[in-house]
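Which charged side chains pair up in this protein, and where do they sit? Here is a short report on that topic.

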Amino acid sequence: VAWIYSGGWTTYAGAGPLNNTSHYANVIDSEAEITFSGSGFSLTYVKANNRGWIDIYVDGTFTSRINAYNSTVVWRATWTSPMFTPGVHTVRLVHGGSGTYIDVDAINILP
């Protein structure tokens with residue numbers, strides 16, 4: 001399963017994220033998309049004082065907004081999606097504004 005990134009994404013390599021790597025974007029409307037087979041997912045991301053909104057779309061429909069702002073850095077913060085009908089789904093994460101950056105660390109697919 002591979003992510004497709006569009007917009008202003010940069011790879012981060014270093015201590016903090018799972019497997020010491022993640023991607024971050026500082027351009028509003030940057031997108032990260034992945035297609036999976038399952039009934040839901042858990043997203044791992046970074047919270048910090050310069051982080052903004054992560055808008056989540058599943059199968060083209062707006063599902064939720066994560067506020068990734070936090071006064072201190074929180075590596076490996078998680079958000080779990082609602083459950084969907086089992087099958088193939090496409091998740092699109094969009095930099096929704098409010099802060100400078102959003103991060104995509106990892107995704108865990110739920111059966």
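What follows covers the salt bridges, pair by pair. The model is predicted. Side chains of opposite charge can pair when their charged atoms come close. This structure holds three salt bridges.

| Glu31 | Arg92 | 3.4 Å |

**Glu31 and Arg92.** These two residues form a salt bridge. Glu31 belongs to strand 4 (residues 31–38) and Arg92 to strand 9 (residues 87–95), so the bridge ties together parts 61 residues apart in sequence. Glu31 is partly exposed, at 24% relative accessible area. That value is not under 20%, so Glu31 does not count as buried.

**Asp103 and Arg51.** Asp103 sits in strand 10 (residues 102–104), while Arg51 lies in the loop between strand 5 (40–47) and strand 6 (53–58). The pair therefore ties together parts that are 52 residues apart in sequence. Asp103 is buried, with a relative accessible area of 3%. Arg51 also counts as buried, at 14%.

**Asp55 and Arg65.** Asp55 is in strand 6 and Arg65 in strand 7 (residues 61–67). The two are 10 residues apart, and the pair links distant parts of the chain. Asp55 is buried, with a relative accessible area of 7%. Arg65 is partly exposed, at 40% relative accessibility.

Note on methods:
Residues are numbered from 1 along each chain as its sequence is written. This is a predicted model: local features need pLDDT of at least 70, side-chain atom pairs count only at pLDDT 80 or more; totals for chains, interfaces and linings use all residues. Side-chain values use heavy atoms; hydrogens and water are left out. A salt bridge is a side-chain nitrogen of Lys or Arg within 4 Å of a carboxyl oxygen of Asp or Glu. Helices (H or I, at least four residues) and strands (E, at least two) are DSSP runs, numbered from the N terminus. Buried means under 20% relative accessible area, exposed over 50%, partly exposed in between (1.4 Å probe, protein chains only).
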